[in-house]
Amino acid sequence: MTSAIPRRSAAETVAVTTGRRTAYLVVLVVLPVLLLGLAVPAAWGWGIGPRDLVIAAVMYAVSIFGIAVGYHRLFTHRAFRCNRALRVALMLAGGMAVEGPVTLWAAEHRRHHKYADREGDPHSPWRYGESGLGLLRGMLHAHVGWFYTARRRSSTRHWVPDLLSDPDVRRFDAAYPAVVALSFALPAAAGGLWSMSWAGAWTAFFWGGLVRYAVVHHVTWSVNSVAHTFGDRPFRTRDRSSNVWWVALLTFGEGWHNWHHAEPACARHGVLKGQLDPSARLIRWFERAGWAHGVRWPDPARLSAHRTDRLP
Ligand SMILES: [Zn+2]
Ligand SMILES: [Zn+2]
């Protein structure tokens, strides 16, 4: 791949300033690595109690479901429709993951689907070739490198005009810094109130805020790096998307990435026997409660039509 921007995609991307790339480098790469490094001696030294564990687990679940069900399946791919309250709640939950405003996230991801593993894909692990070192470099690029090396990012005007025309989404984007603050203030407040102490607020801020956000980042990014490199591909797609069980486990179903690329608008990613997909289960609960409708569940005929082992 070359760094030249083809004429046809000029409107698809916009320039990224050096300041913004530096901010990405600090918030998305340097800080999480530092925090994960700090977490080991912290766990060793003052340990992690049941209170912090519960708060961190709840914040982890909210962040991961917010990204998988909200940012990804609802806002990016419109796999279902839902009432306004749930839509806003899912957007806020996704915001807890500190992965950017929903418009930016969805714009990058829609471009990823259009060009998956070809020129134009913002984060393909195959960018630097298939040799050992090239693939390693590509995986690092797909995991975090693309955030701060890309000179251009996906234009929201081009990729997500539907989201930009939604007043709730515009309000959310404008309030995004406050949403990020909430992502750290909530666990701190929970820890403080639970223990009725400042020390309890601090340890919950550390585990449920800082360490949790670092873990959430690397877990969700594994879909881009690992689930486009290793694993099996039971469905025919034009890219290298694959299924990786441990990524699926950590991301609540997003690691069943092969079928997702075969049918991006499908609400269920884990469609084969034994493929747990808690995000699809949650959407099913929303549907049963009458909060979600028009859910795009997998069609058995299309499933078998996409199978690579299909008999002629
Ligand atoms: Zn993908
Ligand atoms: Zn997708």
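In this predicted model, the cover over the buried residues of helix 8 includes helix 3 (84–95), helix 4 (102–115), helix 7 (161–164) and helix 9 (176–195). Helices are DSSP runs of H or I with at least four residues, strands are runs of E with at least two, and both are numbered from the N terminus. Contact requires C-beta atoms, placed from the backbone, within 7 Å. Helix 8 spans residues 167–174, and its buried residues are Val169, Phe172 and Asp173. They lie on the same side of helix 8 because they cover an arc of only 100° around the axis. The arc is taken from the directions from the helix axis to the C-beta atoms. The face turned away from the buried side carries the exposed residues Pro167, Arg171 and Ala174. A residue is buried with 20 or more other C-beta atoms within 10 Å of its own, exposed with 12 or fewer, and partly exposed in between.

Residues are numbered from 1 along each chain as its sequence is written, and chains are lettered from A and ligands numbered from 1 in the order in which they are written. In this predicted model, local features need pLDDT of at least 70 and side-chain atom pairs count only at pLDDT 80 or more, while totals for chains, interfaces and linings use all residues.

Helix 9 also packs against helix 2 (residues 50–76). The angle is about 150°, and the axes are 10 Å apart. Helix 2 is therefore roughly antiparallel to helix 9, a label for angles over 145 degrees; those under 35 count as roughly parallel, 65 to 115 as roughly perpendicular and the rest as oblique. Helix 2 contributes Arg51, Asp52, Ile55 and Met59 to the contact, and helix 9 contributes Pro187, Ala190, Gly191, Trp194 and Ser195. Axes are lines fitted to C-alpha atoms over the stretch in contact, with angles from 0 to 180 degrees between N-to-C directions.

Most residues other than glycine have a negative phi. Val98, in the loop between helix 3 and helix 4, has a positive phi near 55°. Val98 counts as buried because it has 22 C-beta neighbours inside 10 Å. Asp117 lies in the loop between helix 4 and helix 5 (132–149). Its phi is positive, about 60°. Asp117 has 21 C-beta neighbours inside 10 Å, so it also counts as buried.

An unreviewed UniProt entry annotates residues 23–47, 53–74 and 174–194 as "transmembrane region". UniProt annotations may be inferred rather than shown by experiment. Residues 174–194 are 95% helix and 0% strand, with end C-alpha atoms 31 Å apart.

Technical notes:
Two residues are in contact if their C-beta atoms, placed from the backbone, lie within 7 Å.
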